[in-house]
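Notebook open, model loaded. I'm jotting down what I look up as I go.

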Amino acid sequence: MQKITKAKLCEILNLRHKENPYAKLSNMPSPESFKDIKKATARVKEAILNNEKITIVGDYDVDGVISTAIMVDFFKQIHYPIKHIIPNRFEHGYGLSPKIIDLIDEGLVITVDNGISALNASKLLKEKKIDLIITDHHTVPEELPYATAIINPKQEDCQFPFKEICGAQVAWYFCVSIKTELNLNVDMSSFLDLLSVAIIADIMPMTSLNYTLVKHGLKKIKTSQRPAFLELNEVMQKNAFTSDDIGFLIAPKINSAGRMDDASLALDFLLSSTQKEAKEALDVLNELNNYRKLLQEDISQKAQMEVNENENAIIVWGEHWHEGVIGIVASKLSSKYKKPAFIFSINEGIAKGSARANGDINLHTIISCASDLLLGFGGHKNAAGLSLKQEHLEAFKTTINEAISQCNETLHIELDTLGELDINSVDMEFIDLIENYEPYGLDNLRPVFKISNAQVVNTVLFGKDKNHLKLFLNTQGCMFEAIMFNEKEMIKEDSIDLIVSLNKNEFRGDVKAQFLVQQIL
């Protein structure tokens, strides 16, 4: 295994982005390459000229909330009043649903980050003689909804060159097209702060176009004049933002509103007009996020008791498990057992579920094998939502396990280390080198390294609930500390091999290198 020094690290990371065709914002693909975008833009122009009512329908996750925020902010900047609706997870269900259609009586409807599976809702809009424009990025079903235009890069005949973008990017590109058509004075780069959060939160591949947008977006967050980001800057006191700051600290707060209460609370935060408003909204989000953590731990424990490790997938369910956290629980169980996980909450005979996977396997394809048992489903390769009658759960479980047994794809992607870490090379310059190549994410993972034969000098539990573990280690005479988050079990071995990542630990002005344990081998 190769030894990773500063020079070797620089060489490896530089190669990752050497062939990026969108390394500069000026090289980004044109909006015109989206199928139907010209048709959609013409319809919006017509609506504006005729003073029609425009209703934006979003989604309750981070991508959906930010997609809505971009549209609302854009139309505010061009001084055209619009209505927006973000469905309540518990009252309306997902996306453009019949319950949402009941709230709309006229004009033009534009979906963001949803709509591609809304066949029944689109029929209702057609009956009401209300035009529909769908902007989405989820997997395209065989039967499309009735719509004036569908902007989705995953359509087979869509020429947009980079398919793996999130809903907020599709919405942003649509706004770019409207701006160009109407010759409007709007700085579209001002939305990069919001875009970067959506791309990271929706776990898009951090390569190519996404890498460039997020790289610029993270810098934009630091200088953003949005009251929401001014407040986050004040609270977090970061010299620079990383993808982990977004993924583990900011996105969960935004997501907590839709998971625990109503996503409009998160939208209010992002669209705050003053920093005082932003602070009050952020306080609410923090409370909801803390409550989410408690519920998540409770349901994780209950789900854990139902797991059958010998099956090809983790498929468990329970009565009245909180629908807002089952997706996170599915993700945790998928990572722990290294196979796809499906978690269902049963209410009044209906099982609503979230599925997660971390491998080459395509969840959408697998779930399609059981489509005759479902009331509905949709999603991505690695994340999906679905519903079915409680009486069909056992049959669903059998079908999914059988479908996975027929797959040749890997069920879980193992951590791929760059090599054996040269501990003596680790200093702030080494950490700066890693951070210079931010952002990291799917298909461009933050560097992880192997450390062999580390002597365990001591272990200490820390944190309010004593649920984190600090290891004091010695490798070839070099002493260092490593952190294992959400780990209560003490290390019994005298020496260990481990996989670590590295970042900066900033505390009261003191900055030092921090080793984070990803796995003990």
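Predicted model: local features only at pLDDT ≥ 70, side-chain atom pairs only at ≥ 80, totals over all residues.

**Helix α5**

I started with α5 (residues 119-127), whose buried residues are Leu119, Ala121, Ser122 and Leu125. Buried is under 20% relative accessible area, exposed over 50%, partly exposed in between (1.4 Å probe, protein chains only). Looking down the α5 axis, I see these buried residues within an arc of 160°, so they line one face of the helix; the arc is taken over directions from the helix axis to the C-beta atoms. On the face turned away from the buried side I find the exposed Asn120 and Glu127.

Numbering runs from 1 along each chain as its sequence is written, and side-chain values use heavy atoms, with hydrogens and water left out.

What do the buried residues of α5 pack against? They pack against α4 (98-101), β4 (108-112) and β5 (131-135), contact being heavy atoms within 4.5 Å. Helices (H or I, at least four residues) and strands (E, at least two) are DSSP runs, numbered from the N terminus. Just after α5, Lys129 has a positive phi of about 60°.

**Five-stranded sheet**

Next I traced an open sheet with mixed pairing, in the order β7-β8-β9-β11-β10; two strands pair if DSSP finds at least two bridges between them. β7 (314-319) and β10 (374-379) are at the edges with a single partner strand each, so one side of each has no neighbour in the sheet. Neighbouring strands are turned by 15° against each other on average, direction ignored. β8 (341-347) and β9 (350-356) run antiparallel, joined by seven bridges. I checked Ser345, and its bridge partner in β9 is Lys352. Helix α13 (326-337) packs on this sheet, touching β7, β8 and β9, and its direction makes about 45° with that of β9. Axes are lines fitted to C-alpha atoms, for helices over the stretch in contact, with angles from 0 to 180 degrees between N-to-C directions.

**Strand β13**

Which strands does β13 (449-462) pair with? Five bridges join β13 to the antiparallel β16 (495-507), with Ala454 opposite Ile496. Seven bridges join β13 to β14 (468-475), also antiparallel, and there Val456 stands opposite Leu473. I logged β13 and β14 as a hairpin with five residues between them, where Gly463 in the turn has a positive phi of about 100°.
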